[in-house]
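The structure comes first, then the points by topic.

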Amino acid sequence: TTEIYTLSLHDVLPIYQLPIGKGKAFVNRGGIVDSVVGGWAISTLWQVHSGTPFTPGWGGGYNNYSLYTGAIRPDRNGKCGKGVSTNRSVTRWFDTSIYDPNTNPSGCWSSPAAGTFGSGGRDILDGPGYTNFNASGSKKWSLPNIPYVSESASLQFRVDADNVFNHVELQNPNATIASSGAGQITSAFAPRIFQAELVFKF
């Protein structure tokens, strides 16, 4: 697996022309009324993704191989399975318990032996899922011919709303087992954002 792998991914992108304005079911008028309320198109993007995988790290020091300078992974105690917490929360997304044969024999992780890379596999943990809803509305006006410039000039107004319901979308947790914040989620994706644009085409 890789960090961009997503077990379940569903994107729905409907586009709807509002039945309002001249020749439509509602407010069937021309002139200024149609210029304001007619011809609007609404598009939405609904995304439901499962969490992306990530790799646990031990943190601090290397594995005594002079040619290796990357971060080392912890050893994983087979008794703890994949290290997934049964009650996930932002303060403990996965099992961060440290193995000790005397005081905590059921602990999940331990420091790898010198000269080893650690048995905690790559991408064995997964982060929070992602549910998002974006929407946009746009309207286009055809403009009269502009001599020496264009015979098909138009003006388009568009407004976009990302994360319409302002749902908190959590990012992956701190994966460094030996750190004090191991398993904690302290960041999230952007909150609701609105933007508008006016485009003149010629």
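A salt bridge is a side-chain nitrogen of Lys or Arg within 4 Å of a carboxyl oxygen of Asp or Glu. By this rule the structure has four salt bridges, and R122 and D123 form one of them, at 3.4 Å from N to O. The model is predicted, so local features need pLDDT of at least 70 and side-chain atom pairs count only at pLDDT 80 or more, while totals for chains, interfaces and linings use all residues. Residues are numbered from 1 along each chain as its sequence is written, and side-chain values use heavy atoms, with hydrogens and water left out.

**Salt bridges**

- R88 and D126 form another salt bridge, with 3.2 Å between the closest N and O atoms.
- D126 is partly exposed, with a relative accessible area of 28%, and R88 is partly exposed at 32%.
- R158 and D160 also form a salt bridge, their closest N and O atoms being 2.9 Å apart.
- D160 is buried at 11% relative accessible area, while R158 is partly exposed at 29%.

**Aromatic pairs**

- The whole structure contains four aromatic pairs, where rings of Phe, Tyr and Trp (its six-membered ring) pair if their centres lie within 6.5 Å, with planes under 30 degrees apart counted as stacked, over 60 as edge-to-face and the rest as tilted.
- One of them is the edge-to-face pair of Y130 and F189, at 5.8 Å centre to centre and 85° between the planes.
- Y130 lies in strand β10 (residues 130–142) and F189 in the loop between β11 (154–162) and β12 (193–201), so the pair links parts 59 residues apart in sequence.
- Y130 is partly exposed at 22% relative accessibility, and F189 is partly exposed at 43%.

**Around S43**

- S43 is in strand β3 (residues 40–49) and is buried, with a relative accessible area of 17%.
- Beyond its neighbours within four places in sequence, S43 is in contact (heavy atoms within 4.5 Å) with P14, I15, N134, A135 and S136.
- The side chains of S43 and S136 are joined by a polar contact of 2.5 Å; the term means a pair of N or O atoms within 3.5 Å, where within protein one must be able to donate a hydrogen and the other to accept it, and residues adjacent in sequence count only if both atoms are side-chain atoms.

Key: Helix = DSSP H or I, 4+ residues; strand = E, 2+ residues; numbered from the N terminus. Buried < 20%, exposed > 50% of the residue type's maximum accessible area, 1.4 Å probe, protein only.
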